[in-house]
Amino acid sequence: METNPIATVHLDDLYGLSSAKSVPRELPEPDVHILTSDGLRIPAHSSILASVSPVFESIIERPRKNRSSERVIRILGVPRDAVFSFVRFLYSSRCEEEHREKYGIHLLALSHVYLVPQLKQKCGKDLGQRLTVENVVDVLQLARLCDAPDLYLKCMKLVSNHFKAVEATEGWKFLQDHDPWLELEILQFIDEAEKRKKRTRRHREAQCLYLQLSEAMECLDHICSEGCTSVGPYDVEPGKKRGPCSKYSTCQGLQMLIKHFATCDKRVNGGCLRCKRMWQLLRLHSSICEQSDSCRVPLCRQFKLKMLQEKTKDDARWKLLVRKVVSAKTISSFLKGEKRNKEKSWA
């Protein structure tokens, strides 16, 4: 006959109270037993169980048919050691890492069923750290059943990022046969994740374009006001030596475009794409320039007057572009200021 291993253990050790300070060391005689699937009877105290779990409280307060009968709470379908570890947590609010690693899935289920949020949070965090391609489908199903959103999201992200590997596991094959709704959820999540990636990529590309246009506006102002290596304002001495500026790569391309614009025969009829690009840059500069009266960029004032005359006809997309470029310019100036301040503080 198998002996009850709990019978030889001191109650303080059984409940994990030998080192706990939050629960009194001296306990009354147990008045309830927790019965596991293999017949193990774990002595417990109804007052403590009811204080930490509203589900246990409801079970304990349920009227009994026979007042003299022994009060037993059955926790079935879970390994005895998992139940034992669960009961110890109810008493001491502690759960050994070894038990969480070995019985994390069972403890998460128990903490969900009996509404023990502290243990549920710990188990969810531990399971999230131990996710693998092999176990992610099983953990995902449990997270969905146990209403563990953080763990559910971690599982979904792992499946999305390693779908090919997950698809080859036995867990995925079982899921396809027995839970098509969850399979659909996963596929929808992957589809949404791909769409988010595309939106993020498009946003970054657009931001990069706005920053490039903002830099081009600065270079255009710099070329027309101070001059760069080969192009400059008409009143600057031709023989004056100019070295490359800090944004020479942008300035060089812009200078080549200005040279082409000045000599192109097709621009009058609007047949040159490079000249059209130059017209757009000049118009964009005029749209964001705040000193058109003193601005030295060609046609700045003329474009400004034309835009005022045709205000109602202004393209909404063009206005949006102007706002985005101005915003990018502001952000760029702010970041440069922050960088200079850091360099000064380090110096």
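Let me start with E97 and R130, which form a salt bridge with the closest N and O atoms 3.8 Å apart. E97 sits in helix 5 (residues 97–113) and R130 in the loop between helix 6 (117–129) and helix 7, so this pair ties together parts that are 33 residues apart in sequence. By salt bridge I mean a side-chain nitrogen of Lys or Arg within 4 Å of a carboxyl oxygen of Asp or Glu. Helices here are DSSP runs of H or I with at least four residues, strands are runs of E with at least two, and both are numbered from the N terminus.

This is a predicted model, in which local features need pLDDT of at least 70, side-chain atom pairs count only at pLDDT 80 or more, and totals for chains, interfaces and linings use all residues. Residues are numbered from 1 along each chain as its sequence is written, and side-chain values use heavy atoms, leaving out hydrogens and water.

Is E97 buried or exposed? E97 counts as exposed because its relative accessibility is 52%, while R130, at 27%, is partly exposed. The cut-offs are under 20% relative accessible area for buried and over 50% for exposed, with partly exposed in between, using a 1.4 Å probe and protein chains only.

The structure holds nine salt bridges. Another of them joins E185 and R144, at 3.2 Å from N to O. That pair links distant parts of the chain, with E185 in helix 11 and R144 in helix 7, 41 residues apart. E185 is partly exposed at 28%, and so is R144 at 33%. R144, D179 and E185 are linked in a salt-bridge network.

Leaving aside residues up to four places away in sequence, Q141 touches L175, D179 and L182, where contact means heavy atoms within 4.5 Å. Q141 counts as buried because its relative accessibility is 17%.

One more bridge: E96 meets R88 at 3.8 Å, N to O. Here E96 is partly exposed at 31%, whereas R88 is buried at 16%.

Now the whole chain. It has 15 helices and three strands, and 37% of its 347 residues count as buried. Among contacts between residues at least 6 apart in sequence, 58% join residues at least 24 apart.
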